[in-house]
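Please read the points below with the sequence and the model open beside them. They are meant as a short note for the file.

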Amino acid sequence: MYEPIRTKPVDPRMDGRRSDYPRSSRSEALDIQLGGHLAALLAVTDELGLEAAAAGIAAQVARLRGAQPTRAPRSPGHDAEAVAALHQQAHDLAARALLVAASRADTTVAILAAERMNAHSAALELVGAH
């Protein structure tokens, strides 16, 4: 029914030893993922012009990455629909950050992400009401 595999499996070992190829641990992979979600959240937060929130997010990105993140200046003027889309995007990014933070037991980032989710939910209700 199925044809058998005829090639040898790829093994990262050479001469019975592990190769020098760098591999990241699960916690390092989660740090990288969390840093990416927070950096994306920071970009959207900067776009919305929320300086106080952006400062807290930037501090966590710097802690995870070991360097200050690049900050984007706010674009001038957005209509209500664009603002709502940015708040929805920020809410979704904060939710992703919360999941990864919970997975790696990072209480500080989990609290920050939950606060951002609440803030963006409230902003979406205000924007949707107009």
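1. Basis. This is a predicted model, in which local features need pLDDT of at least 70, side-chain atom pairs count only at pLDDT 80 or more, and totals for chains, interfaces and linings use all residues. Residues are numbered from 1 along each chain as its sequence is written, and side-chain values use heavy atoms, with hydrogens and water left out.

2. Overall make-up. The protein chain has 4 helices and 2 strands, in the order β-β-α-α-α-α along the sequence. Helices (H or I, at least four residues) and strands (E, at least two) are DSSP runs, numbered from the N terminus. Of the 130 residues in the protein chain, 30% are buried; buried means under 20% relative accessible area, exposed over 50%, and partly exposed in between (1.4 Å probe, protein chains only). Among contacts (heavy atoms within 4.5 Å) with a separation of 6 or more, 68% join residues 24 or more positions apart.

3. Helices α1 and α2. Helix α1 (residues 26-48) packs against helix α2 (residues 51-65) at an angle of about 155°, and their axes are 9 Å apart. Axes are lines fitted to C-alpha atoms, for helices over the stretch in contact, and angles run from 0 to 180 degrees between N-to-C directions. The two helices α1 and α2 are therefore roughly antiparallel, the term for angles over 145 degrees.

4. Helix α2 has 15 residues and spans 20 Å from first to last C-alpha, close to the 21 Å expected at 1.5 Å a residue; the expected span is 1.5 Å times one less than the number of residues. Its buried residues include Ala53, Ile57, Val61 and Leu64. Gly66 follows α2 and has a positive phi, near 80°.

5. Glu47. What is the burial state of Glu47? This residue of helix α1 counts as buried because its relative accessibility is 18%. Leaving aside neighbours within four places in sequence, Glu47 is in contact with Pro73, Arg74, Ser75, His78 and Leu86. The C-alpha atoms of Glu47 and Arg71 are separated by 9.7 Å, with the two residues 24 apart along the chain.

6. His87. Helix α3 (residues 80-103) contains His87, which counts as buried at 9% relative accessibility.

Note on methods. Angles under 35 degrees count as roughly parallel, over 145 as roughly antiparallel, 65 to 115 as roughly perpendicular and the rest as oblique.
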